[in-house]
Amino acid sequence: MRAYPRDWEGCVNGEVKALSDLVAVGEGSTVEFKRSLRSDLGREICAFANATGGVILIGVDDDGAVRGVAGHNRLKSQVQSVARSADPSITVETESMGAVLAVRVPAQRGKPYSFGGKFFIRDGASSQQMSRDEIREFFFAVGAIRFDQSPCRRFSLEDDLDDETWATFRRRAGIPAHMEPETALANLDLLTSDGGVTNAGAWLLAKDIRRFHVSAHLSCALFFGTTKKEILDRRDFADDVYSIIDGAMTWVRSKINVRYVITGSVNREERPELPLDAIREAVVNAVAHRNYRSTANVQVCLYHDRLEVVSPGGLPAGMTEAELGVKSVPRNPLLFGMLHRMDAVEHIGSGIRRIRDLCREWRVPAPVIDVAEHWVTVTFRRPALGGRGSIGIVKEPSRDQVGTKSGPSRDQVAILRKSLSARPMTDLMAVMGRTNRTKFRNHVLRPLLDAGWIEMTVPHKPRSRNQRYRTTAAGRGVLAEVEGEDAQEQAVSKKGGIR
């Protein structure tokens with residue numbers, strides 16, 4: 001146990017314990033020892049302010065020996081004067097802990113801070129002056145410079161903006177037909193002071209967004225099973241930002257399950273397994289709030305059991321995970337504001353809350369939001385009987401429901417019918433005109449087997465030459481529903497109800 005000097009005898013026991021704990025930890029990313037108040041105190045305060053905060057113990061040697069300092073009231077005044085000399089001023093708290101003066105630097109919101117015209121950052125147990133490149137990166141990281149408002153030197157109004165592109169943008173943004181493009185873009189802050197186009201402007205007017213930012217596109221992928229081991233379908237969207245969002249949603253609608261609920265005697269309502277408005281909100285958030293300086297791109301991944309929307313960049317500066325759904329801190333405020341103007345964003349600041357509300361109304365679990373340093377992932381859990389493409393049947397009783405139709409395609413229905421009596425794979429392949437056994441097994445038979453609609457006659461030997469496939473009781477139930485609804489629609493059609 002370290003022996004403390006006589007000056008500590010009048011110290012409250014709690015203060016002694018708190019100080020001994022700090023000293024025991026040693027110098028690190030949040031603790032700094034100072035033998036006395038020296039000229040480099042401003043450097044240390046600035047470094048902690050640009051990081052996550054910390055405490056400076058004045059009166060402790062580098063080796064942890066506690067010696068104390070005298071004249072605390074005078075020192076406290078000097079410390080506050082040093083903190084106010086930073087640009088901008090830094091808030092600090094001073095506290096006497098026995099003979100030691102503790103200078104606490106809380107986490108600050110006004111980053112970046114400089115002292116004496118220089119920028120410092122805490123790096124382990126030392127404070128380092130930032131280089132030019134580090135300062136630039138830091139300014140972007142804390143949101144002091146907005147990348148969407150920075151000039152896009154590659155975009156030329158003369159070469160890259162044609163009449164068709166402008167007409168589409170003008171219609172979406174509600175710009176009067178008589179207004180000149182330069183005037184409109186300037187009024188919307190999409191032009192820089194020297195007449196160049198901002199990054200946000202380039203992303204909204206692009207024909208291929210990758211020409212101006214190599215990773216600004218969005219990738220959609222459908223995977224076999226629950227891992228990325230086997231990909232069934234992939235599509236990249238790289239138009240302008242607004243079209244990218246629309247394209248991704250069209251792809252999602254074509255891949256997720258849809259059930260059909262018959263209401264009354266004629267009407268049929270399509271009900272996707274997940275609320276499309278909630279998915280769209282997640283995609284918009286991923287595109288609007290991503291870090292466009294990252295080399296990664298937004299991804300929409302559809303698995304057997306879930307749909308993930310992955311956005312690069314982590315949370316924007318000034319926002320914590322606990323504030324999701326409560327607070328809005330756009331990383332790209334210019335882009336986000338334009339998407340709101342173009343009706344791609346429903347209500348500013350309500351994205352996460354709206355997603356949760358829509359899922360609750362749809363009677364599906366709220367999505368899981370996973371926040372990491374460089375990624376934010378929103379995961380929608382698919383219904384238990386969900387599957388690939390259009391496969392899956394989920395019954396939902398309703399007061400005015402008279403029948404339910406599953407989501408199998410015509411080819412899948414044909415396979416189920418063919419398999420009412422056990423059939424070899426070659427017979428089933430002939431139904432769809434397929435010749436590749438591996439692809440047919442993986443992309444057609446496997447989903448049907450997973451759904452429980454067909455079964456193997458020799459299940460313990462999947463590749464047996466005697467293998468046959470037959471429709472299960474569940475599969476026959478699907479056929480009965482499909483055929484029953486078809487008969488109902490034909491009867492209504494004969495009465496003139498459908499033309």
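**Figure 1. Overview of the chain.** The secondary structure of this chain comes to 16 helices and 18 strands, and the model shown is a predicted one. Of the 499 residues in the chain, 49% are buried. Among the contacts in the chain with a separation of 6 or more, 63% are accounted for by residues 24 or more positions apart. The chain exposes about 25,100 Å², and carbon and sulfur atoms supply 47% of that area.

Figure 2. The side chain of Arg122 reaches the backbone oxygen of Gly28 at 2.9 Å, and a polar contact of 3.0 Å joins the side chain of Arg122 to that of Ser127.

**Figure 3. Gln108 in the loop between strand 4 and strand 5.** Gln108 is found in the loop that runs between strand 4 (100–105) and strand 5 (114–115). With a relative accessible area of 12%, Gln108 is buried, because the limit for that class is under 20%. Although Gln108 and Thr91 are 17 residues apart along the chain, their C-alpha atoms are separated by 7.7 Å. Thr91 is also one of the residues that Gln108 touches, together with Ala49, Ile90 and Tyr113, when residues up to four places away in sequence are not counted.

Figure 4. Most peptide bonds, in general, are trans. Pro88 itself lies in the loop between helix 3 (72–84) and strand 3 (93–97).

**Figure 5. Packing of helix 10 with helix 11.** Two packed helices are described by the angle between their axes and the distance between the axes. In this view, helix 10 (residues 276–289) and helix 11 (residues 333–341) pack at an angle of about 145°, and their axes are 9 Å apart. From helix 10, the residues Val287, Ala288 and His289 meet Leu335, Phe336 and Leu339 of helix 11. Sorted by class, this contact of helix 10 with helix 11 has five nonpolar residues and one polar residue, with no charged residues.

**Figure 6. Packing of helix 13 with helix 14.** Here helix 13 (residues 410–418) packs with helix 14 (residues 425–432) at an angle of about 145°, with the two axes 10 Å apart. The crossing in which helix 13 passes helix 14 is right-handed. The residues that meet are Asp411, Ala414, Ile415 and Lys418 in helix 13 and Asp427, Leu428, Val431 and Met432 in helix 14. By class, the contact of helix 13 with helix 14 has five nonpolar and three charged residues, and no polar ones.

**Figure 7. Val413, a buried residue of helix 13.** Val413 lies in helix 13, and because its relative accessibility of 8% is under 20%, Val413 counts as buried. Leaving out residues up to four places away in sequence, Val413 touches Pro408, Leu479 and Val482. The C-alpha atoms of Val413 and Gly475 are separated by 9.2 Å, while the two residues are 62 residues apart along the chain.

Figure 8. Most residues other than glycine have a negative phi. Asp343, although it is not a glycine, has a positive phi of about 65°, and this residue lies in the loop between helix 11 and helix 12 (351–362). Asp343 counts as exposed because its relative accessibility of 65% is over the 50% limit. Arg363, which is not a glycine either, has a positive phi of about 65°, and its place is in the loop between helix 12 and strand 14 (368–371). At 71% relative accessibility, which is over 50%, Arg363 likewise counts as exposed.

Notes
Residues numbered from 1 in each chain as written. Predicted model: local features only at pLDDT ≥ 70, side-chain atom pairs only at ≥ 80, totals over all residues. Heavy atoms only, no water. Helix = DSSP H or I, 4+ residues; strand = E, 2+ residues; numbered from the N terminus. Buried < 20%, exposed > 50% of the residue type's maximum accessible area, 1.4 Å probe, protein only. Contact = heavy atoms within 4.5 Å. Areas by Shrake-Rupley, 256 points an atom, 1.4 Å probe, with all protein chains shown as cover. Polar contact = N/O pair within 3.5 Å; in protein donor to acceptor, adjacent residues only side chain to side chain. Axes fitted to C-alpha atoms, helices over the stretch in contact; angles between N-to-C directions. Left-handed = near helix turned anticlockwise from the far one by under 90°. Nonpolar A, V, L, I, M, F, W, Y, C, P; charged D, E, K, R; others polar.
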